[in-house]
Amino acid sequence: MSLILSTKTTPLPYGAIAIATYTQKADLNYDESATRLYALAKAGGLDADSPKAATYAALAKTLSTVTGVPDILSVLDSIDNHLAYRTFLVANDIAAVDWLLWGAIRASIRTLGLLKNGQHVHALRWFSHLESLETTQTALASVTAAKANKARNTKTAASFALGLQNAKQGQVVTRFPPEPSGYLHIGHAKAAMLNQYFAKMYNGKLIIRFDDTNPTKEKTEFEETILEDLRLLNIEGDSITHTSDYFHTIYDHAIQLIKAGKAYTDDTEQAQMREERGKGIASAHRDDSVEENLKHFAEMKAGTPEGVRWCLRAKISVDDQNKALRDPVIYRCNLIPHHRTGDLWKIYPTYDFACPIVDSTEGVTHALRTNEYRERNAQYYWMINALGLRPVHIWDYSRLNFIYTLLSKRKLHWFVDNKLVKGWDDPRFPTIRGIRRRGMTVEALSQFMLAQGPSQAIVSLEWDSIWAINKKVIDPIAPRLWAIVTDNIRSVPVVVNGAPESPEVAQLPLHKKDPTVGQKNVVYTKTILMEQEDAASFEDNEEITLMDWGNALVRSKTTGPHGEITSLILGLHLEGDFRQTKKKITWLAQPTDDHRLIDITLLDYDYLITKKKLEEEDDVKDFVTPVSEFREAAFTDANAAALKKGVIIQFERKGYYIFDGAAEDGKLEFIKIPDGRAANLASKAAGKSTAGPGVLATTPKLVLSDADPRPVSRMYEVAKVCGEQPITPISSTMYQVRSVYE
């Protein structure tokens with residue numbers, strides 16, 4: 001049986017959804033409004049035969065029309081009285097009418113709010129029990145997912161489907177063609193994910209093709225790392241190919257163009273060629289004979305001293321407004337051995353020549369390209385038509401750019417070569433390895449990429465959106481632990497009066513909302529540690545809450561010579577109400593031989609550059625962030641010893657972290673995961689200092705004397721509103737206020 005629902009139905013039939021998941025007798029499909037509740041309830045054995053059942057079924061049907069608070073309270077009073085001596089409405093077990101009424105209450109925001117006020121304890125007990133069932137949680141999760149899919153489908157997937165012209169189920173072939181000369185970055189992730197998305201949408205195929213046409217840059221090791229990067233994204237192609245597999249085919253097509261008078265060899269110097277193309281001036285060799293061109297091309301193929309002077313150009317146009325069509329180079333010499341073909345070839349096709357040929361040859365139906373290639377699309381189609389090849393559709397989309405982020409392979413190489421980062425997987429890098437190492441999940445990446453849709457706008461995106469999506473993915477499953485920073489000025493020893501003299505251990509859930517995440521050991525003892533910032537915030541006799549323990553009263557504080565708190569004495573007050581305290585404090589038991597604490601390092605990062613977007617004329621060396629890695633020594637408890645590298649956790653009240661393994665000094669390292677909040681994504685350079693523990697960094701005040709040169713401004717001059725006359729102070733009875741700039 002199938003239950004077809006619409007997420008737009010008001011009120012949403014929660015009862016139907018819950019029955020479907022509880023009985024396991026129907027598949028949920030979110031499409032249009034159509035329910036078969038009673039057939040479903042009967043199939044699941046929930047059709048309790050009782051006069052009361054009909055009464056409460058009728059109530060469930062009309063509850064959405066009850067809007068007045070007195071009327072709602074009257075309904076809740078009736079239900080509460082009925083359930084005072086009953087577990088369920090009409091039987092000893094859950095019946096269909098229980099789910100119907102539960103669903104009606106949940107769909108009515110006002111009724112649900114009044115119920116949760118706590119005045120109807122029996123009704124609330126019944127409602128909470130039904131809602132806590134695993135099948136109910138599964139049902140509610142399916143509703144949330146359906147709403148998210150609906151939003152994505154209307155804004156993204158539907159547009160994608162419209163974007164692939166002439167696409168047919170089972171016949172679409174896409175390709176992802178990385179150059180094996182480096183590591184994939186987040187821009188490549190968008191291309192790879194979109195290609196896979198379309199291939200799956202149309203039950204087609206995805207080809208992973210290495211565009212290995214430049215032996216100067218390419219290495220076999222990069223092919224292996226690219227495949228590893230794709231696996232990190234859960235992307236695997238139906239086949240893996242290389243452009244070099246088709247070098248003979250591409251060469252034959254070059255000969256075909258020469259013989260057809262559509263290509264010619266040229267030995268014009270590079271700078272002169274660039275100038276001539278810009279001005280629309282024909283090359284001196286543009287009208288050479290076919291025989292001359294074949295002879296020079298043969299010299300190129302042999303890699304002779306004469307041959308390396310020449311290149312092969314497509315004979316398209318001299319002065320077309322689209323400069324990509326002004327006789328582009330399609331073959332050039334390179335004597336460096338190829339990592340796959342060795343010394344077999346001395347000439348290699350350009351990407352713009354090889355790509356349409358291999359796309360057509362491999363059966364690609366839709367070539368996905370960023371719109372920076374748009375001017376070269378005409379060149380792509382010219383190659384297809386000139387060679388008489390099977391046509392390929394181009395579908396273009398905007399390139400992914402982020403603020404404060406470099407995607408240029410050359411500039412990223414510069415950071416690696418100058419040892420400003422620790423490698424291509426550095427958490428500050430936008431590479432797939434870097435962002436995954438920093439805690440980005442594949443699910444968040446996928447949601448973000450698809451949410452971009454087929455946008456053609458070229459903009460620099462903020463990082464907060466993608467990290468906010470990531471937080472929603474990791475929060476429900478991240479185990480909760482505690483950490484205490486161990487700088488002398490930060491950690492405070494605390495005596496807890498009323499606590500056990502010798503350590504006692506209790507097992508508590510790692511995630512309060514999901515016990516399936518596992519258990520952790522919490523040590524309770526009379527002496528504990530807490531953060532300096534927490535201790536300094538306490539008032540005398542203030543009541544606080546020690547998390548996972550209970551309330552305590554601040555009995556006394558000892559202060560050091562610089563105002564720091566050196567010790568505290570608390571008194572347990574377990575009968576206190578944690579809901580009444582403002583401060584919920586994390587803590588750790590003082591270490592003993594049997595219950596040791598673990599030395600850890602907490603790492604946080606800033607952007608690598610200080611400018612949101614580097615222009616072409618900008619030198620990256622002028623915009624390097626002086627300090628972009630920040631380390632704090634800390635303690636955590638022994639629960640961290642069981643963590644595996646790559647596990648994401650939350651240090652409560654500190655944030656989400658990913659376990660990066662043990663460092664050379666044996667300390668466990670945890671990298672902070674951005675949570676999408678703007679304050680956490682702002683530049684940290686101004687607020688951090690390397691002066692040492694306990695020293696608060698400050699931003700120096702800028703003071704300009706009259707003799708100092710004023711900053712140069714590009715703004716036009718504006719006359720003073722008061723002219724050049726001196727302003728005479730006016731007598732006032734108001735109190736004096738110092739200037740904020742003093």
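Reader: What is the relative accessible area of Glu228, and how do I class it?

Author: The relative accessible area of Glu228 is 36%. Buried means under 20% and exposed means over 50%. Glu228 is therefore partly exposed. One caution: this is a predicted model.

Reader: With which residue does Glu228 form a salt bridge?

Author: The general idea first. Side chains of opposite charge can pair when their charged atoms come close. Here the partner of Glu228 is Arg433. Their closest N and O atoms are 2.5 Å apart. Now place the two ends. Glu228 sits in helix H10, and Arg433 in helix H17, which spans residues 432-437. The two residues are 205 residues apart, so this pair links distant parts of the chain.

Reader: How many salt bridges does the structure hold?

Author: The count is 34. Take Glu275 and Lys279 as another case. Their side chains meet at 2.9 Å, N to O. Both belong to helix H12, residues 270-279. They are four residues apart, so about one helical turn separates them. Glu275 is partly exposed at 46% relative accessible area. Lys279, at 57%, is exposed.

Reader: Which residue forms a salt bridge with Asp618?

Author: Lys611 does, with the closest N and O atoms 2.7 Å apart. Asp618 is buried, at 15% relative accessible area. Lys611 counts as partly exposed, at 26%. Salt bridges can also share partners. One such network joins Arg175, Arg209, Asp359 and Glu362.

Reader: What is the nearest side chain of opposite charge to Glu223, and how far away is it?

Author: It is Arg340, 4.8 Å away. A salt bridge needs a side-chain nitrogen of Lys or Arg within 4 Å of a carboxyl oxygen of Asp or Glu. Glu223 has no salt bridge, yet it is buried. It lies in helix H10, residues 220-232. Its contacts, leaving aside neighbours within four places in sequence, are Pro180, Phe210, His242, His339 and Arg340.

Reader: Now the nonpolar parts. How many residues has the largest nonpolar core, and which have the most contacts inside it?

Author: That core has 52 residues. Ile186, Leu445 and Ile466 have the most contacts inside it. Helix H9, residues 186-201, supplies the largest share, with nine residues.

Reader: Which residues does Ile186 touch?

Author: Skip residues up to four places away in sequence. Then Ile186 touches Leu400, Phe402, Leu407, Pro430, Ile432, Ile435, Leu445, Met449, Trp463 and Ile466.

Reader: On to sheets. In what order do S6, S7, S8 and S9 stand?

Author: Strands of a sheet pair through backbone hydrogen bonds, either parallel or antiparallel. Here the order is S6-S7-S8-S9, in an open sheet with antiparallel pairing. The edge strands are S6 (263-266) and S9 (347-349), each pairing on one side only. From one strand to the next, the twist averages 20°. Now look at one pair. S8, residues 329-333, meets S9 over three bridges. Within that pair, Arg332 has Tyr348 as its bridge partner.

Reader: How many residues of strand S28 are buried?

Author: Seven of its eight residues are buried, so S28 (residues 655-662) is mostly covered. S28 pairs with S27 (residues 648-651) through four antiparallel bridges. There, Ile648 stands opposite Ile658. S28 also runs antiparallel to S29 (residues 668-673), joined by five bridges. In that pair, Phe659 has Phe670 as its bridge partner.

Reader: Which residues take a positive phi in the two hairpins of S28?

Author: Go hairpin by hairpin. S27 and S28 have three residues between the strands, and Arg653 takes a positive phi near 70°. S28 and S29 have five residues between them. In that turn, Gly666 has a positive phi of about 90°.

Reader: Which strands does S26 pair with?

Author: One is S25 (residues 598-605), joined to S26 by eight antiparallel bridges. Within that pair, Leu602 has Glu632 as its bridge partner. Another is S15 (residues 483-485), which runs antiparallel to S26 (residues 629-636) with three bridges. There, Ile484 is partnered by Phe635.

Key:
Residues numbered from 1 in each chain as written. Predicted model: local features only at pLDDT ≥ 70, side-chain atom pairs only at ≥ 80, totals over all residues. Heavy atoms only, no water. Pairing = 2+ DSSP bridges. Buried < 20%, exposed > 50% of the residue type's maximum accessible area, 1.4 Å probe, protein only. Lys, Arg positive; Asp, Glu negative; His and termini not counted. Contact = heavy atoms within 4.5 Å. Core = buried A, V, L, I, M, F, W, Y, C linked by side-chain atoms within 4.5 Å. Axes fitted to C-alpha atoms, helices over the stretch in contact; angles between N-to-C directions.
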